[in-house]
Amino acid sequence: MSFKITLQPANRDFVVEANEPILPAAIRQGIGLPYGCRDGACGSCKSRLVDGRVIHGPHQHKALSVAEEEAGSS
C-alpha cells in the first residue's frame, strides 16, 4: 500500500510506501525537504498536517512534542 503526499504551497506530490517515513520517501524521489539528522531528533523536517492522518514513528519529544502532534504537526 502506498500513500500520496502533497506539499503545499508548492503543490508537489510524492508517494510514501506503507511503513516508510515521509522524509526518506521524499529524498528518494528527489523532493527537497529541510532536515538535519534524518532520525527524528532535531525537528528540522517538522511540517504541518493539513489533511489526512500520520502515524508518528520513533522520535524525540524535544523535536516534536505531544502538544505539537495533537495540533497537527508532523
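Of the 74 residues in the chain, 16% are buried (under 20% relative accessible area, with exposed over 50% and partly exposed in between; 1.4 Å probe, protein chains only). This is a predicted model, where local features need pLDDT of at least 70, side-chain atom pairs count only at pLDDT 80 or more, and totals for chains, interfaces and linings use all residues. Residues are numbered from 1 along each chain as its sequence is written, and side-chain values use heavy atoms, leaving out hydrogens and water.

**Exercise 1.** Work out which elements the chain has and in what order they run.

*Solution.* Start with the tally: two helices and two strands (DSSP runs, H or I of at least four residues for helices, E of at least two for strands, numbered from the N terminus). Then read from the N terminus, and you get β-β-α-α. Next, size: the radius of gyration is 12 Å, close to the 11 Å from the globule rule for 74 residues, so the chain is as compact as a globular protein of that length (C-alpha atoms; the rule is 2.2 Å times the number of residues to the power 0.38).
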